[in-house]
Amino acid sequence: MKNNVKIMRLKMSMTQEQLAKRVGVTRQTIGLIEKGEYNPSLQLCVAIAKELNKTLDDLFWEENLI
Amino acid sequence: MKSWISFLLPDDEYKEKRMLYFFSEGAIILFLSVIIMIICNRIFTINDVEIVLLLFVAIFLLYVSGRYIISGIEYTDIATEHSYKKEIKNIFSRTCSFVVIFMLLYLIFLDIPSNRNEWMEITGLLLSVGIVWFITSFISLRRSYKKNKELL
């Protein structure tokens with residue numbers, strides 16, 4: 001699933017490792033989500049959105065993809 | 001989701017999902033092996049039941065661990081050349097420590113080999129286990145490093 005996680009993370013000057021630690025997953029999982037190779041659970045989507053100060057729509061909604 | 005198998009699964013949700021797939025695939029292969037063995041038993045009579053049962057355990061364990069090793073999900077944070085080389089050294093020292101500690105415990109608590117053949121047996125066994133352990137860890141590390149580098 002395509003998403004804006006990488007763009008929003010870079011806008012906040014955050015590394016994959018930092019985001020991974022904050023949401024309680026591994027760096028590999030964040031990398032896979034950013035590449036669209038893994039669809040995270042709703043719980044993880046919400047955790048990522050909270051850390052990046054964005055809504056789920058901003059990150060995952062097709063019409064909002066950058 | 002709570003299940004009695006949870007204690008065997010990692011905390012990371014991606015790894016957890018992959019592991020569940022590996023266990024499920026292993027279980028189906030185990031089931032098919034049992035069916036094949038039942039059919040074989042009707043054609044050729046198998047006398048050594050213990051070996052056959054051990055074979056099933058080996059099939060399951062080899063499949064699950066094999067899939068885990070080649071999936072590249074073991075070393076999730078190794079993405080740079082420096083950390084990769086450092087981890088190889090760690091794997092090497094862990095393998096050596098295991099061989100030395102096992103040898104010492106064997107000599108202290110079990111038996112001191114009395115002749116050259118017994119020494120060869122225990123040393124050969126330990127070296128083989130050590131080499132297999134190192135190679136599997138190395139393959140897992142290599143696959144993880146490659147996967148992580150692509151995800152940066």
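**Charges, chain B.** I started with the charges of this predicted model. In chain B, the 16 positive and 15 negative charges have mean positions 9 Å apart. For this I counted Lys and Arg as positive and Asp and Glu as negative, leaving out His and the chain ends. Each charge was placed at NZ of Lys, CZ of Arg, CG of Asp or CD of Glu.

**Ground rules.** I noted that residues are numbered from 1 along each chain as its sequence is written, that chains are lettered from A and ligands numbered from 1 in the order written, and that hydrogens and water are left out, with side-chain values using heavy atoms. As the model is predicted, local features need pLDDT of at least 70 and side-chain atom pairs count only at pLDDT 80 or more, while totals for chains, interfaces and linings use all residues.

**Fold of chain B.** I found four helices and zero strands, in the order α-α-α-α. Helices (H or I, at least four residues) and strands (E, at least two) are DSSP runs, numbered from the N terminus.

Buried is under 20% relative accessible area, exposed is over 50%, and partly exposed is in between (1.4 Å probe, protein chains only).

**One buried residue.** I picked B:Glu87, which lies in helix α3 (residues 81-110) of chain B. Is B:Glu87 buried or exposed? B:Glu87 is buried, because its relative accessible area is 14%. Leaving aside residues up to four places away in sequence, B:Glu87 touches B:Tyr75, B:Ile78, B:Arg94 and B:Leu141. Contact means heavy atoms within 4.5 Å.

**Fold of chain A.** I counted five helices and zero strands here, running α-α-α-α-α. The radius of gyration of chain A is 10 Å, close to the 11 Å from the globule rule for 66 residues, so chain A is as compact as a globular protein of that length. The C-alpha atoms of chain A fill a box of roughly 30 × 20 × 20 Å along the principal axes. Of the 66 residues, 44% count as buried.

**Two loops in chain A.** A:Ser13 has phi near 50° and sits in the loop between α1 (5-11) and α2 (16-23). A:Ser13 counts as exposed because its relative accessibility is 63%. A:Asn53 has phi near 55° and sits in the loop between α4 (42-51) and α5 (56-60). At 61% relative accessibility, A:Asn53 counts as exposed.

**Where A meets B.** I looked at the interface last. Chain A gives 15 residues to the contact and chain B gives 15. The buried area is about 1,400 Å², with 50% from carbon and sulfur atoms.

Terms used. Buried area is the accessible area (1.4 Å probe) that two parts lose on being put together, summed over both. The radius of gyration is taken over C-alpha atoms; the globule rule is 2.2 Å times the number of residues to the power 0.38.
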